[in-house]
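The following exercises are to be worked through with the structure at hand. Each task is followed by a solution that goes step by step.

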Amino acid sequence: MSQSILIVDDEWIVVQNIRDNIHWEQLGLSRVYTALNLVQAQQVFRDHPVDIMICDIEMPEGNGIELMAWVKEHSPGTVRMFLTCHEDFAYAKQAVKLGAFDYLLKPIPYEELEFVISQALEHSKKSHYQEQVLGILHVKIIGKR
């Protein structure tokens, strides 16, 4: 199954460094999308399915908390996590309320980020599998009526 990731950060150098320094193919990710703000990220979601999103918090044109809430509503199957320099407990608390998979602090070693992404991929695969099984069960139950 081909999976995708979206990296959202208003600092282009951060987006570029993550995009260029993670071993995407080894992780099983075939598509890496990028966005520099909330509006661009929403457009990516409108144009493509996204399995995992890594998002900064402070950005122009809406912050990462707003984006996380929007993604939760419009693409609930997307595994969502923050990568930010904000150690603020209030942000972390909001992230938990929004169902964030993880809350990572910059700077993060690429090896550690790859490990967290691999965990997020496993979570995504399990969630997709569970959805498929529930869908099959639903069809079988409805079909017996």
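**Exercise 1.** In this predicted model, which residues does Phe-45 touch, leaving aside residues up to four places away in sequence?

*Solution.* Taking contact as heavy atoms within 4.5 Å, one finds that Phe-45 touches Leu-6, Val-50, Met-53, Trp-70, Val-71, Ser-75 and Thr-78.

**Exercise 2.** Determine which residues of H4 are buried and what covers them.

*Solution.* With buried meaning under 20% relative accessible area, the buried residues of H4 are Gly-64, Ile-65, Leu-67, Met-68, Trp-70 and Val-71. Their cover includes S1, H3, S3, strand S4 (79-84) and H5. At the N-terminal end, H4 is capped by Asn-63, a side-chain oxygen of which lies 2.9 Å from the backbone nitrogen of Ile-65.

**Exercise 3.** In what order do the strands of the open sheet lie, and is the pairing parallel or antiparallel?

*Solution.* The five strands follow the order S2-S1-S3-S4-S5, with parallel pairing. S2 and strand S5 (102-105) are the edge strands, since each pairs on one side only, and the twist averages 20° from one strand to the next. Finally, helix H1 (residues 12-21) packs on the sheet, where it touches S1, S2 and S4, and its direction makes about 175° with that of S2.

Notes:
Residues numbered from 1 in each chain as written. Predicted model: local features only at pLDDT ≥ 70, side-chain atom pairs only at ≥ 80, totals over all residues. Heavy atoms only, no water. Buried < 20%, exposed > 50% of the residue type's maximum accessible area, 1.4 Å probe, protein only. Helix = DSSP H or I, 4+ residues; strand = E, 2+ residues; numbered from the N terminus. Polar contact = N/O pair within 3.5 Å; in protein donor to acceptor, adjacent residues only side chain to side chain. Pairing = 2+ DSSP bridges. Axes fitted to C-alpha atoms, helices over the stretch in contact; angles between N-to-C directions.
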